[in-house]
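These are my notebook entries on the structure shown below.

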Amino acid sequence: MPEITMPRLSDTMEEGTISRWNKKPGDSVSKGDILGEIETDKATMDLEAYDSGILEKILVQEGETVPIGQAIAIIGSGKGATEGASSASAAASSAAPAQQEAAAPQKQTAPAASSQAAPAPQSAAASSQNGASLKASPLARRIAEEHHVDLSSVHGTGPGGRIVRDDIEDIIEQRENAPATASAPQSQPAQPTQPAQTTPAAAQTTQGGTPPPDAELVKLTRVQTLIARRLTESKQTIPHFYVSSEVDMTDALAMRKTLNASVGEDGVKITVNDMIVKACALALEKFPEVNSSLIGDSFVRYKHINVGVAVDAPTGLVVPVIRDANTKGVRTIARESKALIAKARTNKLAPADFEGGTFSVSNLGMMDASNFIAVINPPQAAILAVAATRRQFVPINDQPVIRDIMTVTLSADHRIISGALVARFLQEVKRLLQNPFDILG
């Protein structure tokens, strides 16, 4: 009887969440069918059946999170589902008389039970902690054990009241904020005559993290939670520094217009971002230190130049990768980029689309951003933030001339890259974009 286990769908995935089941117990399954959707740390991906048969049992419900390798469903001949239903019915029938028999002694011993009222809650709590009547995901149990959280005191928000990872992490966060919250009342005398409702909403959210009554609480998706966690880790552990430069894009825009005019309506047209990706890839060839990572006590210099492109997808920010961008033409980069963006916006990216990035580009120019800085995507050493191109007067031969100027800012890891190296890298990117025929070779 084949078990379906939580698959590893990305290089950084440690656990997955069942977003949706497309099949239900009793349904026939053919090899290659899409059984459901799994939300990973990067995107929502399809769960494909590798065996044919009958979906006999779903072990992990929608919304639940389990580690890689744990069984989530069972495919068999269908006999197991019938036997399971029969045994469940028999168990229910036998349980009813037992419950009735147990009820009478409870009534008879009720007066005596009052003298033993104290031990009763302890045994109930122990029963819950041992998992006899408590529903919690394995990951939630592990995190609770590591942080000494009593599961019997946690309110589960998963399906059927199941305790999930987010419930435990909320308890841990509240515990960490508790000292700051508790110290606030000690610093000033209590004012019992002042109603709690008079506390401003801003103060409520600051003191203890309690939102005002009229606020709406929106639960983060798994992808949003992981993005928040990784970016927080990036800012806390990586010493960022930023260098900006202005690039004259007049000639690059003219060349792009000429190239796109020759492809016709059905051809792949080049975007400004495609040209930027190519320019960065060529600059990384010249400055391999930027195409590196710090892992432990060693520098990792990558042999391949794989440029990630930040995409605003429905599930959150994703960064699919264009591999060996330095060896590809701008038109090929445009074709691959267009396909990756389409897959990202329909949640169809595969694990291979994410893995192996060595540098990233984040472009908000199409949204008219005049300037911004980006957060480094670990373990990479740098990310280029691209702002909008604006028409400006610039002095040429002591005369004011209108040119198309674009601001770019490189966020860099100061443990790996020096300020002077970043400046030289940006000079090379600028040179290539201002001499756009150099990126066509």
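I took helices (H or I, at least four residues) and strands (E, at least two) as DSSP runs, numbered from the N terminus. The model is predicted, so I noted that local features need pLDDT of at least 70 and side-chain atom pairs count only at pLDDT 80 or more, while totals for chains, interfaces and linings use all residues. Residues are numbered from 1 along each chain as its sequence is written, and side-chain values use heavy atoms, with hydrogens and water left out.

Entry: serine 234.
I located serine 234 in helix α7, which covers residues 222–237. Is serine 234 buried or exposed? I read 0% relative accessibility for serine 234, which therefore counts as buried; the criterion is under 20% relative accessible area for buried, over 50% for exposed and partly exposed in between, with a 1.4 Å probe and protein chains only. I then listed its contacts (heavy atoms within 4.5 Å). Apart from neighbours within four places in sequence, serine 234 contacts His240, Val375, Ile376 and Pro378.

Strands count as paired if DSSP finds at least two bridges between them. The open sheet has 4 strands in the order β5-β4-β2-β7, paired antiparallel. I noted β5 (44–48) and β7 (65–67) at the edges; each has a single partner strand, so one side of each is without a neighbour in the sheet. On average, neighbouring strands of this sheet are turned by 40° against each other, direction ignored.
I recorded 3 bridges in the antiparallel pairing of β2 (residues 15–21) with β7. In β7, valine 66 is the bridge partner of glycine 16. Valine 66 counts as buried because its relative accessibility is 1%. Its C-alpha atom is 8.9 Å from that of glutamate 14, 52 residues apart along the chain.

Entry: helix α8.
I compared the length of α8 (residues 250–261) with expectation: at 1.5 Å a residue, its 12 residues should span 16 Å, and the end C-alpha atoms are 17 Å apart, which agrees. The expected span is 1.5 Å times one less than the number of residues. Buried in α8 are Thr250, Ala252, Met255 and Asn260. Their cover includes β9 (240–248), α9 (272–286), α10 (330–345), β18 (399–413) and α12 (419–434).

Entry: α9 against α10.
At what angle do the axes of α9 and α10 cross? I read roughly 120°, with the axes coming within 9 Å. That makes α9 oblique to α10; angles under 35 degrees count as roughly parallel, over 145 as roughly antiparallel, 65 to 115 as roughly perpendicular and the rest as oblique. Asp274, Met275, Val277 and Lys278 of α9 meet Val330, Ile333, Ala334 and Ser337 of α10.

I counted 4 bridges between the antiparallel strands β10 (residues 292–295) and β11 (residues 298–301), where serine 293 has valine 300 as its bridge partner. The hairpin has 2 residues between the strands, and glycine 296 takes a positive phi near 65°.
Lastly, I placed aspartate 368 in the loop between β16 (359–363) and β17 (382–396). Aspartate 368 touches Ala388 and Arg390, not counting residues up to four places away in sequence.

Notes. Axes are lines fitted to C-alpha atoms, for helices over the stretch in contact, and angles run from 0 to 180 degrees between N-to-C directions.
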